[in-house]
Amino acid sequence: MRGEGKKGFSTTAVHGGEEPCPVTGAHAVPIYQTSTFVLGRELPPRYVYTRHGNPTQEVLEKKVALLEGGEAALATASGMAAILVSLLALVEKGRKVGCSLAVYGGTYALARNLLPRLGMEVLMFDPRRREEVERVLGMGAEVLFLETPTNPTLDLVDLREVCGLAGEHGAKVVVDNTLMTPYYQRPLELGAEVVVHSATKYLCGHGDSLGGVVVGRRELVEEARRMLVLTGGAISPFNAWLIVRGIKTLPLRMERHSRNALRVAEFLSSHPRVKRVSYPGLPSHPQHGLARRQMRGFGGMLAFELEGGMEEAYRMMEGLELVKCAVSLGDVSSLIEHPASMTHRSLPEEERERIGIGEGLMRMSVGVEDAEDIIGDLEKALGALG
Ligand SMILES: *Cc1c(COP(=O)(O)O)cnc(C)c1O
């Protein structure tokens, strides 16, 4: 995959959007830890105030735009800020937006509780079913918001098909690409209008800062920036810098996350306490063929179902030492959580059931530790269930 001009993805991850400081020659990206900028005669001034723009934020924006193959990008304080301002930029008051049921729990709550208060009509749908996509488009949704793989179930949405159907209705598709990152999946190439990220996850990679990114056509990104200036979700220069630094090793980390996740998925598949494993890289995944076409790798996220439900899920997590029970994902450390009571508890039970979030479902973000140690920890905790 090629990123910037003739340069490859990894080269762009390291160098994209950066240049040595013209004043000092500093090779590493400087952290412009300032709220305001002294104004001279230059009109309009390049920088005014960090809520409107800052050189360290700008490096992150240029880098992610190049990696996603978009015209421009906007860095934000968190993934939620990126999702909010991208929808504010795309959807007018009184218009309809379709939101996938199988998304990050915070996105679900935003769609259910806040967007309607801003005057948007939200239609929830299951993007894995063609008839549901056609239903919400037929009802007049102008924008569809979705994630693939779905969260937390790791099913796939066929991006070419959904973007094609949306295009026939003059609708636009926004894809949250947090789980795959542009290293493994580039939705803009498959017809999406906008890509959003929680940069808190794999882009940062080290679990030490919050951030978000919106990528798309320049006018749209500039409209999202106006919305960000008004709603206040600017990223701190230091967090932008941490994420820039994280992205430099994104390809290396994703390959290790992916290799480890496949080994963990194979181990879990053969374990008697585990009813079902969902990992797009397993040939047993019902959409493995689509995964091979749509993604360049399978990533570090997997879901599995325990025979014993919630009680057993908690007992298992208590038995783990290396793998930590925590929400979030994309960290170098392995993390595990129980979606029905944690990330996805804001969904009513019947909606959880509809998208396959049972009481025994676990979501795991496989880290970059030694695979043997991760598997050893899981083996011990599952063994202790008796
Ligand atoms: C974490 C997450 C978000 C929200 O991002 P924050 O940085 O926590 O605001 C959105 N989408 C997905 C897929 C996520 O995993």
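**Ligand shell, cavity and backbone of the predicted model**

The structure is a predicted model, in which local features need pLDDT of at least 70, side-chain atom pairs count only at pLDDT 80 or more, and totals for chains, interfaces and linings use all residues. Residues are numbered from 1 along each chain as its sequence is written, and side-chain values use heavy atoms, with hydrogens and water left out.

A polar side-chain atom of Asp 176 is 2.7 Å from a ligand nitrogen, while an N or O atom in the side chain of Lys 201 lies 2.7 Å from a ligand oxygen. For Met 80, a backbone N or O atom is 2.9 Å from an oxygen atom of the ligand. Taken alone, the ligand exposes 380 Å², and the protein buries 93% of that area (Shrake-Rupley method with a 1.4 Å probe; for residues, only the protein chains shown count as cover).

A search of the whole structure finds 1 cavity of 30 Å³ or more, where a cavity is a set of points, on a 1 Å grid over the protein atoms alone, at which a 1.4 Å probe fits but cannot get out, and lining residues have an atom within 4 Å of a point. The largest cavity has a volume of about 30 Å³; grid points are joined across faces, edges and corners, and the volume is the space filled by probe spheres set on the points. Strand 1 (72–76) and helix 8 (218–231) are the elements that give two or more residues to its lining. This lining comprises 5 nonpolar, 3 polar and 2 charged residues, and Arg 225 and Arg 51 are among its members.

Arg 225 sits in helix 8 and counts as buried because its relative accessibility is 17% (buried means under 20% relative accessible area, exposed over 50%, and partly exposed in between, with a 1.4 Å probe and protein chains only). The side chain of Arg 225 makes a polar contact with the side chain of Glu 61 at 3.2 Å; such a contact is a pair of N or O atoms within 3.5 Å, and within protein one must be able to donate a hydrogen and the other to accept it, with residues adjacent in sequence counting only if both atoms are side-chain atoms.

Most residues other than glycine have a negative phi, and most peptide bonds are trans. In the loop between strand 4 (141–147) and helix 6 (159–168), which holds Pro 149, the peptide bond from Thr 148 to Pro 149 is cis, with omega near 0°. Pro 152 belongs to the loop between strand 4 and helix 6, and a cis peptide bond with omega about 5° joins Asn 151 to Pro 152. Leu 154, also in the loop between strand 4 and helix 6, has a positive phi near 60° and is buried, with a relative accessible area of 1%. Thr 181, in helix 7 (residues 181–184), has a positive phi of about 65° and is buried at 1% relative accessible area.

Technical notes:
1 Å grid on protein atoms, 1.4 Å probe; cavity = no way out; pocket = protein on both sides within 12 Å on 5 of 7 lines; lining within 4 Å. Helix = DSSP H or I, 4+ residues; strand = E, 2+ residues; numbered from the N terminus. Nonpolar A, V, L, I, M, F, W, Y, C, P; charged D, E, K, R; others polar.
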